[in-house]
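Let's take a friendly walk through this structure, one region at a time. Have the sequence and the 3D view open as you read.

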Amino acid sequence: MRYFVTTAIAYTNGDPHIGHAYEIILGDVIGRYHRTFNGNAFFLTGVDQHGQKVQQAAQKIGVAPYDFVRGLTDKFLALWNKLEIQKDGWAATTDPRHKRAVQKVLQELYDRGQLFKQRYSGYYSVRQEQFLTDKERNEQGEFGPEWGEVIFFEEENWYFPLAKHKEWLRNFVETHPHFVIPEFRRQELLNAIDRLSGDLCVSRPKERLSWGIEFPFDPDYVTFVWFDALLNYLTFAGYLAEPGSGLPDFGELWPCRGHIIGKDIMVPAHGIYWPIMLHAMQFSDVQMPRLVVHGWWNVEGHKMSKSLGNVIDPDTLADAYGPEALRYYLMRDVVTGHDADFSEERLVLRYNTDLANDLGNLINRTINMSQRYRKGVLAQRNSPVAGFAEHTSRALANYRDRFEQYMVNEAIEAAWDLVSRANALVEQSAPWHMAKDPGQKDQLDAVLYTLAETCRILALLVSPILPSAAERILSQLKASDFRGTAWGELPDGHVLGLPTPIFPRIEQINDY
Ligand code: MSP
């Protein structure tokens with residue numbers, strides 16, 4: 001089995017923003033962690049190309065929907081490349097392989113009597129693309145501004161009996177505490193399940209929305225966008241794939257170990273529709289995926305929005321400060337599950353403090369001193385400085401434990417505990433004094449070896465977050481072939497390379 005992790009697929013109705021970048025970097029970091037520390041992973045991400053939002057955005061500028069989404073998809077791909085995203089699968093919902101598999105799912109549900117056609121008249125929110133009931137009215141008895149334009153109409157559509165599965169879902173979520181992390185989001189989901197009622201409209205007549213996947217048994221209709229989008233997690237994992245499709249082996253991947261999503265799409269899409277869809281498709285309880293729900297990046301306490309003009313563009317930031325500064329900041333300055341406030345000053349401060357000063361200087365000093373006092377040659381004859389091997393294995397265990405829970409900021413803190421200990425060792429042992437005293441030769445060897453070995457392990461620990469920097473560190477340590485996490489891999493007589501700053505300081509904010 002491979003550790004299967006996904007992100008939400010982004011709507012291609014506008015440019016990628018910092019929220020998208022955060023989520024994809026989180027997915028990439030989790031994927032890289034499992035590849036390095038547990039031997040394998042499969043990271044799937046992609047773009048949600050169908051639906052009303054996309055059709056409208058294309059219409060607005062007078063471009064065919066397909067051309068419109070192609071242009072934006074290329075933008076997303078170029079940015080993910082720049083941000084060093086290592087993806088194993090790319091879920092683009094206009095992919096014919098996906099469309100075929102979605103149609104097979106629809107057909108199967110239909111054949112098993114899980115879909116029915118019905119005429120409905122009522123209120124419809126254009127913005128949220130859904131029918132509204134009295135439940136959606138506010139205290140004044142009106143549909144609030146969050147629903148945008150609300151129209152009344154009558155339409156015949158295909159329905160999926162959602163609430164029929166309410167008891168199953170409640171029981172499943174109650175008895176599977178790991179279905180949602182963090183725990184407080186599971187409580188929110190349980191509350192939402194209590195309010196669940198009715199059927200879900202899963203089709204749109206083509207005359208109203210043509211940009212979608214056609215119903216195989218009723219070609220006048222296309223699928224509701226969530227029914228199409230959620231299925232990407234299965235179809236791009238190889239579910240119902242045809243031979244020679246180039247898609248992975250489904251049995252190797254499913255169930256997904258973490259659907260990384262934002263808090264806004266837990267209820268109802270991922271927490272209600274998705275498990276119920278899977279259940280209706282006869283997936284068993286042990287085949288249910290897990291949801292990892294993250295918070296939002298805001299700006300000065302406000303939600304990012306085009307109208308406020310405060311949308312943060314990750315592309316510009318990556319150009320100004322480098323992809324590594326951005327990756328590090330987005331992983332370090334937020335607690336998974338909670339909101340965070342984006343600040344360019346903090347990005348620069350984090351980089352200069354944690355990377356340029358703490359880690360960068362440690363590596364630089366370590367290699368420098370070894371070169372100066374020992375011509376770069378390490379001696380492993382003596383045991384490491386007391387307690388260091390133990391500190392390292394404790395930090396590693398802590399780091400791994402935090403990573404398994406998607407708490408990347410805490411995993412980074414665990415690694416930085418080691419950075420601080422190593423920097424303190426330099427200060428306390430003062431190798432520059434030891435070097436002058438021939439009586440302390442062995443101790444100096446032990447300190448230099450301990451520091452180099454710690455730097456090597458630190459390179460591995462930061463590698464999911466800072467993949468290229470980790471390679472630069474290993475290369476300066478001439479340790480690219482020593483990738484185990486156990487203490488003591490660098491052999492006696494190992495020769496270090498020459499030091500050049502790994503993280504040059506950022507001197508100026510806003511230099512673009
Ligand atoms: N297309 C749907 C998801 C379908 S998944 C089967 C969608 N797309 S989206 O482009 O609007 O959002 C993509 C992801 O970005 C979601 O998980 C969403 O929560 C996340 N974010 C959007 N804005 C965000 C922030 N400001 N901060 C963090 N994440 C944010 O929803």
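By class, how many nonpolar, polar and charged residues are in the lining of the largest cavity? Before the answer, one thing to keep in mind: this is a predicted model.

## The cavity

The lining of the largest cavity has five nonpolar residues, one polar residue and four charged residues. To find the place in your viewer, select Arg97, Arg100, Ala101 and Lys104, together with Tyr239, Leu240, Ala241, Glu242, Ser245 and Leu247; these residues line the largest cavity.

The volume of the largest cavity is about 60 Å³. The structure holds one cavity of 30 Å³ or more.

## Around the ligand

Now turn to the ligand, which is surrounded by 24 residues. The closest of them are Ile9, His20, Glu23, Asp48 and Asp264. Sorted by class, the shell around the ligand contains 13 nonpolar, eight polar and three charged residues.

Which elements supply at least two residues each to this shell? They are β2 (10-11), α1 (18-38), α7 (225-229), α8 (232-235) and β13 (258-262). The most comes from α1, which gives three residues to the shell around the ligand.

## Contacts worth a look

At isoleucine 9, a backbone N or O atom lies 2.8 Å from a nitrogen atom of the ligand. With glutamate 23 the side chain takes part: one of its N or O atoms is 2.6 Å from an oxygen atom of the ligand. At glycine 262, a backbone N or O atom lies 2.9 Å from an oxygen atom of the ligand.

How much of the ligand does the protein bury? Taken alone, the ligand exposes 660 Å², and the protein buries 94% of that.

## A three-stranded sheet

Finally, look at an open sheet of three strands, where the order is β10-β12-β11 and the pairing is antiparallel. Its edge strands are β10 (203-205) and β11 (214-215), each of which pairs on one side only. In general, strands of a sheet pair through backbone hydrogen bonds, either parallel or antiparallel.

Which residue in β12 stands opposite glutamate 214? The residue opposite glutamate 214 is valine 222.

Definitions and conventions:
Residues numbered from 1 in each chain as written. Predicted model: local features only at pLDDT ≥ 70, side-chain atom pairs only at ≥ 80, totals over all residues. Heavy atoms only, no water. 1 Å grid on protein atoms, 1.4 Å probe; cavity = no way out; pocket = protein on both sides within 12 Å on 5 of 7 lines; lining within 4 Å. Points joined across faces, edges and corners; volume = space filled by probe spheres on them. Nonpolar A, V, L, I, M, F, W, Y, C, P; charged D, E, K, R; others polar. Near = heavy atom within 4 Å. Polar contact = N/O pair within 3.5 Å; in protein donor to acceptor, adjacent residues only side chain to side chain. Areas by Shrake-Rupley, 256 points an atom, 1.4 Å probe, with all protein chains shown as cover. Helix = DSSP H or I, 4+ residues; strand = E, 2+ residues; numbered from the N terminus. Pairing = 2+ DSSP bridges.
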